[in-house]
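Please look through the sequence and the model shown below. The paragraphs after it go through local features of the fold, one region after another.

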Amino acid sequence: MAGMAENPLDLLPEVLLAASAVGGLLLGCWLPRARQWPVAALGCGAAAAGIAAAALQPPGPAFGGAFVVDGVTSASRVVVLGGLLVVLALSVRPLAAHPRQSEHAVLLQLASLGALLLAGSADLLLLAAAYLLASVPSYVLAGFGKDAAGTEAAMKYYVVGALLGIVMLGGIVLLYAAARGVGYPALRAELPGGPLALATGGVVAVSAGLLFKAGGVPGHFWVPDAVQGSAAPVAAFLTTVPKVAALAALYRLGAEAVAGAGVPWAALVAVVSAASMTLGNLAAFFQQDVRRLLAYSTISQVGYLLLPVAVVGRTELAQPALLFYLAAYALTNLGAFAVVCALPGLRTIDAYRGLGRHSPALAGALAVCLLGLVGTPPTAVFLGKVTAFSAAVDGGFAWLAVVAAANTVASLFYYLRWIAPTVAPSDAPGPLDRVRSAAVVAYAAAAGSVALGVAGGPVLALLKIP
């Protein structure tokens, strides 16, 4: 049997994370309820080891080609596991002495494991299984606090996810009917000779499921309520880790399965890209709740991130542009949420008035991250947007690059609406209550965003490796 010869070490980062999740669940059963931090520490160790394994692992197919280790998978592994490390760090203070701290850490790891499998899937059945593994723990995390807002967030997240999950499964059935196979090589070989209507319907349905995980149109409805209602570390996780994996999966679907099939992939993704960035920006303009503002911001960011996905196969810039932008976005978005985690008592934009006087370092980190999300040099997102726009122009979608540039200018308005009060005078009586661990993460993320932008040349060259 060929399957018996497969090497589990091909999935070493995933195996480490799965072992840590199972071990953490068992360990949590024996630890005192008020001292379950070793489970989170175990998860951090597994994530760090997984990053090292991802950086050293050679490329190649695994398990009959159902999973592929390549540049997209390796970069996604590093970003997803790095995001998991950051979220575990942000959860230290809010979950300290919590009776269900171990369950929280295990759920984060399981959702991240699903994201890792999603990014490397080259088989529709594995893609569906990864989608479920990335989704179900996330639903629980959204409602982890068991309060009214969290319950509403979890319910809306679950309903949209269940609906688009069924749509995605229907799309897999259509693609199987069109190609008589579920592996990406089989789809690439058979779809060009199959019924175009079946292939197009299947691709649209599968893409809709992945866009739900990415938080883009048309699966974006859950994002504002889930981000506003869940705990801040969970909101940071939901808007970063699944998004990275889903966009990597979309890129692989277009590059390895749909290429040459006659499906209007580029036009489809381009329309979704323009709709996501425009809707996200328009909805963010007059938001007062900072979490809701960041939620609409992350919808708009999906639009920019879809630029290189739209031109996959049309230009060599597509892969490095997407991967670099994913890393830049993850680092910058987590930095913005880290500031929110560091100041849990501040929920609205006006509440940040005078932050520059009471906590200038945090105000500076917030400004760097928000201006970074706009795409201000020398932050990493600036270089990510430049490469994404260049890929769109090089791939024949100059009009989409123009739409993205106009949306970038428009987004500056609502980011500045948040930054302006931080430098305004305030009558607040004294220093703000801060979560020190989250503040440290915010400082590190802001510095990392600038450092990645400055060192972008060598990183982009590295990401061109297949």
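**A walk through the model**

S91 is located in the loop between α3 (71–90) and α4 (101–120). Here helices (H or I, at least four residues) and strands (E, at least two) are DSSP runs, numbered from the N terminus. The model is predicted: local features need pLDDT of at least 70, side-chain atom pairs count only at pLDDT 80 or more, and totals for chains, interfaces and linings use all residues. Residues are numbered from 1 along each chain as its sequence is written, and side-chain values use heavy atoms, with hydrogens and water left out.

Is S91 buried or exposed? S91 counts as buried because its relative accessibility is 5%; buried means under 20% relative accessible area, exposed over 50%, and partly exposed in between (1.4 Å probe, protein chains only). Leaving aside residues up to four places away in sequence, S91 touches H104, L108 and P233, where contact means heavy atoms within 4.5 Å.

Next come the aromatic rings. A pair of aromatic rings is described by the distance of the centres and the angle of the planes. Rings of Phe, Tyr and Trp (its six-membered ring) pair if their centres lie within 6.5 Å; planes under 30 degrees apart count as stacked, over 60 as edge-to-face and the rest as tilted. By this rule the model has 13 aromatic pairs. One of them is the edge-to-face pair of Y139 and Y157, with 5.1 Å centre to centre and 90° between the planes. Y139 belongs to helix α5 (residues 124–142) and Y157 to helix α6 (residues 148–179), so this pair ties together parts that are 18 residues apart in sequence. Y139 and Y157 are both buried.

F285 and F413 also form an edge-to-face pair, at 5.5 Å centre to centre and with 90° between the planes. This pair links distant parts of the chain, 128 residues apart: F285 is in the loop between α12 (265–284) and α13 (290–310), and F413 is in helix α18 (residues 398–422). F285 counts as buried because its relative accessibility is 16%, whereas F413 is partly exposed, with a relative accessible area of 41%. Ring pairs also join Y131, Y139, Y157, Y158, F212 and W222 into a cluster.

Charged side chains sit over two rings discussed here. A charge sits over a ring if NZ of Lys or CZ of Arg is within 6 Å of the ring centre and within 35 degrees of the ring normal. R100 lies over the face of F144, 4.2 Å from the ring centre, and K385 lies over the face of Y304, at 3.9 Å from the ring centre.

Helix α8 (residues 196–214) has 19 residues and reaches 26 Å from its first C-alpha to its last. That is close to the expected 27 Å, the expected span being 1.5 Å times one less than the number of residues. G215, with a positive phi near 80°, follows α8. In the loop between α8 and α9 (223–229) is P218, and the peptide bond from V217 to P218 is cis, with omega near 10°. Another cis peptide bond joins P377 and P378, with omega about 5°; P378 is in the loop between α16 (360–374) and α17 (380–394).

Which phi does K146 have? Although K146 is not a glycine, its phi is positive, about 60°. K146 is in the loop between α5 and α6 and is exposed, with a relative accessible area of 65%. R180, in the loop between α6 and α7 (184–190), has a positive phi near 55° and is likewise a residue other than glycine. R180 is exposed, at a relative accessible area of 62%.
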